Amino acid sequence: MAIGKNKRLTKGRKGAKKKIVDPFTRKEWYDIKAPAMFINRICGKTPVNRTQGTKISSDSLKGRVFEVCLADLQAPDEDQAHRKIKLICEEVQGRNVLTNFHGMDLTRDKLCSLLKKWQTLIE
């Protein structure tokens, strides 16, 4: 090898190192509002990326499904804690996400307590 030909070792890498940015600095927080049939209307918050260029933040919220415990929606009713309510985002008004009922499910531990192995009758 000729002397002075190994120039790659002295130079830095191609392209500068990318800055690590916390992803939550780019988020906006929206309040989730449950339908009027529930006692507690505000049931949580959800993050969404800020509006950038043609991608609007409220459009990325539409169609999201939120899973909320029924005991959180019905204030004094703690015996309904095993029921999970699914709410789907229908509309965004300002910083509020308006939702609609999408389905109901039971928690796994409640479902397992209702079922018994090798039995045909569920009480």
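## Overall architecture

From the N terminus, the elements of the chain follow the order β-β-α-β-α-β-β-α, giving 3 helices and 5 strands. Helices (H or I, at least four residues) and strands (E, at least two) are DSSP runs numbered from the N terminus. This is a predicted model, in which local features need pLDDT of at least 70, side-chain atom pairs count only at pLDDT 80 or more, and totals for chains, interfaces and linings use all residues. Residues are numbered from 1 along each chain as its sequence is written, and side-chain values use heavy atoms, with hydrogens and water left out.

## Strand pairing

Strand β4 (residues 83-93) pairs with strand β3 (residues 65-69) in the antiparallel sense over 5 bridges; pairing requires that DSSP find at least two bridges between two strands. Within this pair, Phe66 has Leu87 of β4 as its bridge partner.

Strand β4 is also joined by 10 bridges to strand β5 (residues 96-106), again antiparallel. Here Lys84 stands opposite Asp105 in β5. The hairpin of β4 and β5 has 2 residues between the strands, and Gly94 takes a positive phi near 65 degrees.

## Burial and cysteines

Of the 123 residues of the chain, 22% count as buried, where buried means under 20% relative accessible area, exposed over 50%, and partly exposed in between (1.4 Å probe, protein chains only). Cys89 counts as buried because its relative accessibility is 4%, whereas Cys69 counts as partly exposed because its value is 22%.

A search of the whole structure finds 0 disulfides, a disulfide being a pair of cysteine sulfur atoms within 2.5 Å.
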